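The following exercises are to be worked with the sequence and the model at hand. Each task is followed by a stepwise solution.

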Amino acid sequence: MIQPDEQIIWRYLDGDLDEIAQRHLEKRMAEDPSLKTLFDQISAVDSGLRSQSLEQPSLRFSKTLMEKIQPPKKSVYRPLIPAFTQKRISAAVVALSFFSILISVSIPVVYNEPQILNETFASGPVAVFLWAVTAFWGVIFFDQWKTGKIFNHF
Amino acid sequence: MGEDSLHIQRVLKGETSSFEILVEKYQRYVFSLCLRVLKNREEAEEAAQDSFMKAFRKLDTFQQSAKFSTWLYKITWNTALDQLRSRKNNLSTLDKPENHQIADHHFPQPENLLQSGQNVELVQLLVTRLPEKESTILTLYYLHECNVEEITGITGFSTSNVKVILYRGRNLLRQKLEVLMKSEIKEML
C-alpha cells in the first residue's frame with residue numbers, strides 16, 4: 001500500500017521507519033523542495049507538540065483529595081463531667097445560686113442592716129459554695145474547650 | 001521495586017499519607033488528561049479527584065507487575081468519559097455545548113499567539129480545540145509519553161485505531177495551523 005507523504009514523514013519523526021525507508025525519504029527531500037517544505041511544516045508541528053506543558057490543577061488539589069481520603073480525626077477526649085450530668089448540675093447550681101443570692105440580699109434589706117450583707121458573703125459556707133460554683137464552671141469550660149465546642153473557629 | 005511500588009505497598013499497609021506522594025507526582029498528568037476530554041477546568045478537577053479516589057479504593061487490585069501510571073490513566077480516562085457522557089445526557093436544549101468549552105476569555109486567541117511568535121502555546125491551544133478523542137490521544141502520546149501499546153491499554157481502542165486517531169489528530173492540527181497562517185498572510189497583504 002502506498003502511504004501518503006505526510007504519513008511517512010510522521011513515521012519518520014516518530015522513529016518508526018526502518019533505515020532504508022529513512023534514507024529514501026531523506027534522498028527524496030533533497031531532490032524535491034515541496035516535500036522538504038512539507039517536512040519542515042510537519043516537523044514544526046511535531047516539535048510544538050513535544051514542547052507542550054502539563055496543565056496545573058488548583059493549588060489545594062492534593063490537600064482537598066487527602067482530606068477526602070483521610071478525614072481529620074475527631075477528638076477522642078472524654079469530658080470530665082458527662083454532658084447529661086453537666087446539664088443537671090448546672091440547673092441545680094443556677095437554682096441554688098439564685099436562691100442563695102436572693103436570701104442573702106433580702107435579709108439585710110428587710111432588716112435594714114447592711115453589715116449583714118458583707119458578713120454573709122464573707123461567711124465560710126457561702127464562700128465555699130461560691131468557690132465550688134467557680135470550680136464547676138471552670139471544669140465545664142475546660143471540657144467544652146477540649147471537645148472543640150468552643151473556640152473551634154479561632 | 002520501583003518508587004511507585006514502594007509507596008503503593010506503604011498505602012496498602014495502612015500508611016495512607018504515602019498516597020499523597022503519588023498524588024503530587026501524577027496530579028498534573030491526570031488533570032491534563034481530564035481537561036483534554038472535558039474541556040472545562042472545574043469539571044476536569046472534579047474528574048481528576050474522582051480518579052484518584054477510585055485508584056485509592058481499588059489499589060489492592062493493582063497488579064504490581066503493571067505500570068502504575070498506565071493503570072491510573074486508564075481509571076482517569078474512564079472517569080472523564082463517564083463524566084462527559086453524564087454531561088451530554090444532562091444537556092438541556094437551553095444549555096449550549098459551547099458553555100462547556102474552555103472559556104476563550106481565559107486564553108489568548110490563536111491569532112495573537114501566532115503574531116507574537118508563541119508557537120508552543122499556539123499548538124497547545126489548538127490541541128485543546130481538537131475533538132476529545134484526538135486531543136486525548138495526542139496528550140497521552142506527547143505529554144504523558146505513552147507509546148501506542150500503552151494508549152491501547154488505557155483507552156481500549158485497537159492499535160490500528162490509535163494510530164489512525166493519532167495521525168488524524170496531527171493532520172487536523174497541521175491544517176488548522178495552515179489556515180491560521182494563510183489568513184495571517186492575507187491580513188498582512
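**Exercise 1.** Which pattern does chain A follow when read along the sequence?

*Solution.* The model is predicted: local features need pLDDT of at least 70, side-chain atom pairs count only at pLDDT 80 or more, and totals for chains, interfaces and linings use all residues. Residues are numbered from 1 along each chain as its sequence is written, and chains are lettered from A and ligands numbered from 1 in the order in which they are written. Helices (H or I, at least four residues) and strands (E, at least two) are DSSP runs, numbered from the N terminus. The pattern of chain A is α-α-α-α-α-α-α, with 7 helices and 0 strands.

**Exercise 2.** Describe the span and packing of helix 3 of chain B.

*Solution.* Step one: helix 3 (residues 41-57) of chain B has 17 residues and spans 24 Å from first to last C-alpha, close to the expected 24 Å (1.5 Å times one less than the number of residues).

Step two: its buried residues (20 or more other C-beta atoms within 10 Å of their own, C-beta atoms being placed from the backbone) include Ala44(B), Gln49(B) and Phe52(B).

Step three: the buried residues of helix 3 of chain B pack against helix 4 (61-69) of chain A, and against helix 2 (18-38) and helix 4 (68-90) of chain B.

**Exercise 3.** How many residues does each chain bring to the contact?

*Solution.* Chain B brings 31 residues and chain A 24, two residues being in contact if their C-beta atoms, placed from the backbone, lie within 7 Å. On the side of chain B that touches chain A, helix 2 of chain B gives the most, with 10 residues.

Methods:
A residue is buried if 20 or more other C-beta atoms lie within 10 Å of its own, exposed if 12 or fewer, and partly exposed in between; C-beta atoms are placed from the backbone.
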